[in-house]
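Please keep the sequence and the coordinates in view while reading.

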Amino acid sequence: MPPTATRSVAKNTFLLTVGLMLGRALALFVTKKMAPILGTEGMGVWFFANDVTVILLTVANFGLGVLLTREVTRKPDQGWSHLWAALRVRWLLGTVGYAGLIAYLRLAGASDLVTAAVLVTAAGLFLETTAMACDSVLQAHEKVQYQAIGQVASAVAYFGLAFWLLDAGHGLMGVIWANAASRAVRLAVMAPLMFWKTGPWRRARPEEQPPDLRWMLRLGLPMFLATTFGIISFKVDTVMLFNLAGEAATGIYGLGHRALDILLIAPNIFATAMFP
């Protein structure tokens, strides 16, 4: 007997909640350990690097997450064509954004530590945009349990590596590298599961017209315009504060702001489960 819409939403919401909340809970323990070691200035650099990366990630995703899910749901036999087109758009925009970030850091006269922290964190956006494309495909096939497995593996890797590197005296950059490694773990776990549990995976037939970059850009532009600036306005405060008030003020602000980020998880999970 096929699952009802209510059961499907409940299952997806539960699985996504487990994966995301475990990640947030372990991240809170890492933050608690980081704060006294790094101090307010180190935490300020951490929050700045992460929020700059979120802005770049939002631009690179180009509003294609929900749209990729929709297109794969409509034409599951053309999943590879749509996935590959979305990845090319994201990698292209990510490369442009990363180059712009390097220029910004040089013009702003950022310190060596800030530059290294931001660039290593931002480099993870290529892994994350790819993993988020896998998320979209898994949601299209109602296989969010494998998305949750990737999230749990990433959270455990981040928790373990961050604690180990902090105890080893690597400070801020140790946590930065732990975060980057956790993104690689998520993709390494989830991508094989996606190819194994979904599909069919094949090239476009001669009579089919696979989506190209121009078509994918036209598809994503309305969603990009509708959602991107709201997310940027939510995250740009940290970037502005870092440049206006310095690292210590950003660290204090960021620690207080994390509670709001956690409160926003529940409605976002439900929206993803209800309207994948």
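Q: In which loop does glutamate 142 lie, and how exposed is glutamate 142?
A: In this predicted model, where local features need pLDDT of at least 70, side-chain atom pairs count only at pLDDT 80 or more, and totals for chains, interfaces and linings use all residues, glutamate 142 has a phi near 55 degrees, a positive value in a residue other than glycine. Residues are numbered from 1 along each chain as its sequence is written, and side-chain values use heavy atoms, with hydrogens and water left out. Glutamate 142 lies in the loop between H4 and H5, helices being DSSP runs of H or I with at least four residues, numbered from the N terminus. Buried means under 20% relative accessible area, exposed over 50% and partly exposed in between, with a 1.4 Å probe and protein chains only, so glutamate 142 counts as partly exposed, at 33%.

Q: Which phi value does phenylalanine 62 take, and is phenylalanine 62 buried or exposed?
A: Most residues other than glycine have a negative phi, and most peptide bonds are trans. Phenylalanine 62, found in the loop between helix H1 (5–61) and H2, has a positive phi near 55 degrees. At 9% relative accessibility, phenylalanine 62 counts as buried.

Q: What is the omega of the peptide bond from glycine 199 to proline 200?
A: Proline 200 belongs to the loop between H6 and H7. The bond that joins glycine 199 to proline 200 is cis, and its omega is near 5 degrees.

Q: How far apart are the end C-alpha atoms of helix H5?
A: The expected span of a helix is 1.5 Å times one less than its number of residues. Helix H5 (residues 144–167) has 24 residues and should therefore span 34 Å, and the distance in the model agrees with this. Just after H5, glycine 169 takes a positive phi of about 85 degrees. The end C-alpha atoms of H5 are 35 Å apart.

Q: What distance does helix H3 reach from its first C-alpha to its last, and which glycine just after H3 takes a positive phi?
A: Helix H3 (residues 79–108) has 30 residues, and at 1.5 Å a residue the expected value is 44 Å. The reach of H3 is close to that, at 42 Å. The residue just after H3 with a positive phi, about 65 degrees, is glycine 109.

Q: How are H2 and H4 oriented to each other, and what is the handedness of their crossing?
A: The axes, which are lines fitted to C-alpha atoms, for helices over the stretch in contact, with angles that run from 0 to 180 degrees between N-to-C directions, come within 8 Å for H2 and H4 and cross at roughly 40 degrees. Angles under 35 degrees count as roughly parallel, over 145 as roughly antiparallel, 65 to 115 as roughly perpendicular and the rest as oblique, so H2 and H4 are oblique to each other. A crossing is left-handed if the near helix is turned anticlockwise from the far one by less than a right angle, and right-handed if clockwise. The crossing of H2 and H4 is right-handed.

Q: Which residue forms a salt bridge with arginine 74?
A: A salt bridge is a side-chain nitrogen of Lys or Arg within 4 Å of a carboxyl oxygen of Asp or Glu, and a search of the whole structure finds eight of them. With the closest N and O atoms 3.5 Å apart, the partner of arginine 74 is glutamate 71.

Q: How many residues apart in sequence are the parts tied together by arginine 202 and aspartate 77?
A: The side chains of arginine 202 and aspartate 77 meet in a salt bridge at 3.0 Å, N to O. Arginine 202 lies in the loop between helix H6 (171–197) and helix H7 (213–245), and aspartate 77 in the loop between H2 and H3, so the pair ties together parts that are separated in sequence by 125 residues.

Q: Which residues are linked in a network of salt bridges?
A: Arginine 186 and glutamate 128 meet in a salt bridge at 3.0 Å, N to O. This pair links helix H6 with helix H4 (residues 112–140), 58 residues apart, and both residues are buried. The network consists of Glu128, Asp135, Arg183 and Arg186.

Terms used. Helix = DSSP H or I, 4+ residues; strand = E, 2+ residues; numbered from the N terminus.
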